[in-house]
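Here is a short tour of a protein chain, to be read alongside its sequence and structure.

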Amino acid sequence: MISDCYTAFQLPSEIRGLAALILMFGQGSFSDLGDLGFVIDDSLPASLLAVCPDIDIDFDKGAFSTTESLPASLDIGLTEALLAAKRVGEREGMSDQERCFGRLSSIAASLIETGDPKRGISLLRLTSQVLSQDKQSQTAALVAPLSEPYGLNRQDQPSPQSTVPLLRAKLFGGLEIELDGKVLPRSTIHKGLARTLFCFLILNQGKGLYRETVIEWLWPMRDEKKALTGFYNLWSRLCNSLPSYKGNCLYFSNDEQLLRINPRFVESDIADFDRLSRTVIFSQGSLEERFAAIDRLEQLYSNDVLAGSVGHPRISAAQERYRGILVDVLLSASSLHLDEGNKTMALWYAKRALDTDPKREDTYRALMHTQEACGQRTEAMNTYHECRKFLDDELGILPSQQTTALYQNLIIDGQ
């Protein structure tokens, strides 16, 4: 049994990670894993085969297969292994939990898209384990000394006694910047391309953005040399708009052509929203913690990201993304309240989800289900007809079988 090899052998994390991924996929090629961002060393397949003979490996085709089902004991092995796995282009500045969450989500999406939702859903459930790990690792990362990737030499690092003002960026509803708890007056950072670049960095939450990519986003039609000059002028204005330490801006770094914020000194409502939304959507923590997360998420999402802005396409994409996450949170909140017998609250959240994005069919279906649970059969049938009309008018399609089946059940129950 493959699961036995986790206890029978003290395997290196890379081999355990590879075995875990193969179990998730069932069959495929090592290039499939490479496409998801994993580095598969040439020696790993042979090493894996030596300790886990139940995995079939075709070295000529670079393919693998196994009939092994997903064992419950794999949860711990997968979590630990993926935290240690290497990823193409992996850079400092992102926590192990964030890296692992991104990998798990990518694999789960791939599995669902390729027709294996059972394994994909199993993998999504494992993310709650990864993201609910001991938070001491995050705390340690925040208090660790700054290192070269953030653009400082060791002799230039702030001493333990130095106080660096914390910067907090708020993007929901419009840009607001706080420095050491006080709102920063409008300055260069609030205007034009500096504002756009600042928001790019905040939205990327400490992950590196390639300088060339940012230049292409900001100056797509400009001559390469002129665009580079424009970038350096813009970067200088951005850094000079905030406090520095021995001439270095601690809030941003431009290292090896990678641009990022320094999460040690920069917080944002975007990062808080992502963290809390995972708590709700993936059912992490106690009921009290999830209800508290829902309340806090509603406070954070005062309006769309940079609401009212004539946005860059990347900003517009972020607006759509976070609006979609909000709908997922509202639907999860409705389901949670319904499970707890809070029917009025469940109905309120379902209606708000539909109001937030009437283009999503699942919001109509969730409202129908909640209305039925509340004894509002007529209202549920009206919701179906609204859904059908919207889909026909806007997209020229009919409701899905799942939505139609829910409507037909309403008719049968009323007879």
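## Confidence

In this predicted model, pLDDT (the predictor's confidence in each residue, from 0 to 100) stays under 50 over residues 1-10. That stretch has 19 contacts (heavy atoms within 4.5 Å) beyond four places in sequence. Residues 70-97 also stay under 50, with 67 such contacts. Where pLDDT is low, the predicted coordinates should not be read in detail. Over the protein chain the mean pLDDT is 77, and 67% of residues reach 70 or more.

Residues are numbered from 1 along each chain as its sequence is written. Local features need pLDDT of at least 70, side-chain atom pairs count only at 80 or more, totals for chains, interfaces and linings use all residues, and side-chain values use heavy atoms, without hydrogens and water.

Now to the strands (DSSP runs of E, at least two residues, numbered from the N terminus).

Strand β4 (residues 167-170) runs parallel to β12, joined by 3 bridges; here Ala169 stands opposite Ser268.

## Helix α17

Helix α17 (a DSSP run of H or I, at least four residues) covers residues 377-394. Its buried residues (under 20% relative accessible area, 1.4 Å probe, protein chains only) include Tyr384 and Phe390. Just after α17, Gly396 takes a positive phi of about 70 degrees.

Note on methods: Pairing = 2+ DSSP bridges. Expected span 1.5 Å × (residues − 1). Buried < 20%, exposed > 50% of the residue type's maximum accessible area, 1.4 Å probe, protein only.
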